[in-house]
Amino acid sequence: MKGNVLILFYITLNYGGIMKEILNTVCDIGEQMLRSGAEVHRVEDSVQRMCKAVGTLRADVFIITSSMIVTVYTEDEKAFTQTRRILSINTDIERLHRMNALCRRVCGGNMSLDEIRAEYNAIISAKGYPALLEYPVYGVIGGAFAIFFGGGFIEGLFAFVVGVVLRLVVALTDRATLGRVFSRFACSFAASLLAHLFFKMGLIPSVDHVIIGNIMVLIPGIGLTNAIRDLIVGDSIAGLLRAIEAVLIALAIAAGHFLFITLFRGIML
Amino acid sequence: MNEVMQILTAFLGSLGFGILFNVRGKRLLAASFGGLFSWALFLVLGFGIVDEAVRYFIVSVAVSGYCEIMARVMRTPTTTFLMTALIPLIPGGGLYYTMTNAMSGDLDAFMGRGMATLSLAVALALGVVVTTVITSIALKLKLHKNKM
């Protein structure tokens, strides 16, 4: 007797209106999971289960990284469809964790639409770490990996400075909504510029480790790993999209350095 | 000493990414320790196995196993741990040296470095895939048993 409360609800009241509302809520939860960085097949699975749990006859769910389409068929042979366009993915594990928990509870049944809505709104309005914290965190990652890849303490310190500046570049490119690939390109150019500047001023023994530390900040996480995972699990389209994005970002990072070196080869090297 | 420093900075790097990805509380700690384990295991395996790609593969299988277990224990998606714990294994150094070789026009070194970096990335991904497949088979078997 899964979702019996919901079924009672929409049989006694106007059927179509409530069904639309339910589908809307299910899509909202799925969309938020996808936006927070869940794998495509997890979201597909979750949306499918939720649709089943709220008592639809059949649900067709198609999701790729940039779009989702959900159609549900009700017992009186009506069909409802919603599509969602996913413009950007902003990894937020805490939100994903709570949406996932909410999804489990919905699938467990015995949750009214209002309860689901209230919980959903609570998750959306929850605050993350303060935005200013990201500046030192970028620095710490850059500094830590400069030392990790064989740099000395001094290089770690300057990689920290470069990392903080990179967060500033990210903030600027985000404000201009220039997209992730361009943002990585600009960051990589800035990192190369700063590292060579510090080197020229005699502050660091070599540019290598400072740049490597900051490449680790920019690199698309385990984007490529996730892509190959998607491909092998059978999500070919999602896997290809992710793989292309990861490769593009790696190329953008390389292009930033190339541009700097070619522009300033005569002056600074 | 160098190794201790590497393990510490691997922990710090993973912690940093954990914060960027908004991982919270106990899960943040578990994720950062994943980064520490992965590099420590990589260094330990160095005593027996010379080939870096083979070591990457083994570490990747083991650490993603750790991630799957942690995800089950803390009832949260596996992505949480996978995205942070494997960060120290990303061949950022290889990518950079491949780039500098390309810029200096040393084609042999470029190909050599490029292939080495690529094989590390592939070993990393394959390791994750192997664990994913094993886990899903194990879960299916368990479900099957419960039904009977």
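How many residues of chain B are in contact with chain A? The count is 45, and they meet 46 residues of chain A. Contact here means heavy atoms within 4.5 Å.

A word on the source. This is a predicted model: local features need pLDDT of at least 70, side-chain atom pairs count only at pLDDT 80 or more, and totals for chains, interfaces and linings use all residues. Residues are numbered from 1 along each chain as its sequence is written, chains are lettered from A in the order written, and side-chain values use heavy atoms, without hydrogens and water.

Now the interface. About 4400 Å² is buried between the two chains, with 72% from carbon and sulfur atoms. Buried area is the accessible area (1.4 Å probe) that two parts lose on being put together, summed over both. In chain B, L20(B), Y96(B) and M103(B) lose the most area to chain A, together 15% of what that side buries.

Next, charges. The rule finds one salt bridge across this interface. R27(B) pairs with E94(A), the closest N and O atoms being 3.4 Å apart. The criterion is a side-chain nitrogen of Lys or Arg within 4 Å of a carboxyl oxygen of Asp or Glu.

Which element gives the most to the chain B side that touches chain A? That is α1(B), with 10 residues. Helices are DSSP runs (H or I, at least four residues), numbered from the N terminus. By class, that side has 29 nonpolar, 12 polar and four charged residues. Nonpolar covers Ala, Val, Leu, Ile, Met, Phe, Trp, Tyr, Cys and Pro; charged covers Asp, Glu, Lys and Arg; the others, Gly among them, are polar.

Note on methods
Helix = DSSP H or I, 4+ residues; strand = E, 2+ residues; numbered from the N terminus.
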